[in-house]
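Please read the points below alongside the coordinates.

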Amino acid sequence: MFVQIRKWTLTEGNADKIIERFSKKPDQGPSILEKQPGFIGRELLQKKVRRGEDEVVMIVRWESEEAWKNWEKSPEHIAGHKAKIKEHGGKPPKPEFVISMENTNYTVIE
C-alpha cells in the first residue's frame, strides 16, 4: 500500500476552508479521485486546538505507488490543475490563511 499525507498549517480559525474544499460532497456522488483505479480511501483530520494555528491533515491511501502515479498523470488530474492556472492567469497564489503545506509519501511496510 502507498500513502500520501498532506498537512496544512493555517492561521487561527481557518481550518474550515481546507475542510470544505476537500470534504466529500454527498449529493455529488464519488469524486474523480475516488473513481481512480487503485484508490483505497482518504481521511481528513483536524487537530484540536484552543488557540493558535490550525492544522488539517489529509491521508490518501492507494493500492500501490504506481496507482498513485497513474492518478498524478491522469487527464482528469492534469485538467483540474490547468483549470486552476487558467482561472488565476498563472499558478494560483497560496491563500493568505495557509502558513505552510507539507506533502509526504510513504510505502506501507506492514
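Predicted model: local features only at pLDDT ≥ 70, side-chain atom pairs only at ≥ 80, totals over all residues.

1. Residues are numbered from 1 along each chain as its sequence is written, and side-chain values use heavy atoms, with hydrogens and water left out.

2. Strand E1 (residues 2–10) pairs in the antiparallel sense with strand E3 (residues 54–62) over 9 bridges, and Phe2 has Trp62 in E3 as its bridge partner. E1 also pairs, again antiparallel and over 9 bridges, with strand E4 (residues 98–107), where Asn105 is the bridge partner of Gln4. Pairing requires that DSSP find at least two bridges between two strands; helices (H or I, at least four residues) and strands (E, at least two) are DSSP runs, numbered from the N terminus.

3. The largest pocket holds about 1500 Å³ of space, and of its 42 lining residues the closest to the centre are Arg6, Arg21, Phe22, His81 and Lys84. A pocket is an open set of points on a 1 Å grid over the protein atoms alone, where a 1.4 Å probe fits, with protein on both sides within 12 Å along at least five of seven lines; lining residues have an atom within 4 Å of a point. The volume is the space filled by probe spheres set on the points, which are joined across faces, edges and corners. Helix H3 (75–88) is among the elements that supply at least two lining residues, and its 8 residues are the largest share.

4. Ser74, in the loop between H2 and H3, is buried, with a relative accessible area of 6% (buried means under 20%, with a 1.4 Å probe and protein chains only). A polar atom of the Ser74 side chain lies 2.8 Å from the backbone oxygen of Trp71.

Methods:
Buried < 20%, exposed > 50% of the residue type's maximum accessible area, 1.4 Å probe, protein only. Polar contact = N/O pair within 3.5 Å; in protein donor to acceptor, adjacent residues only side chain to side chain.
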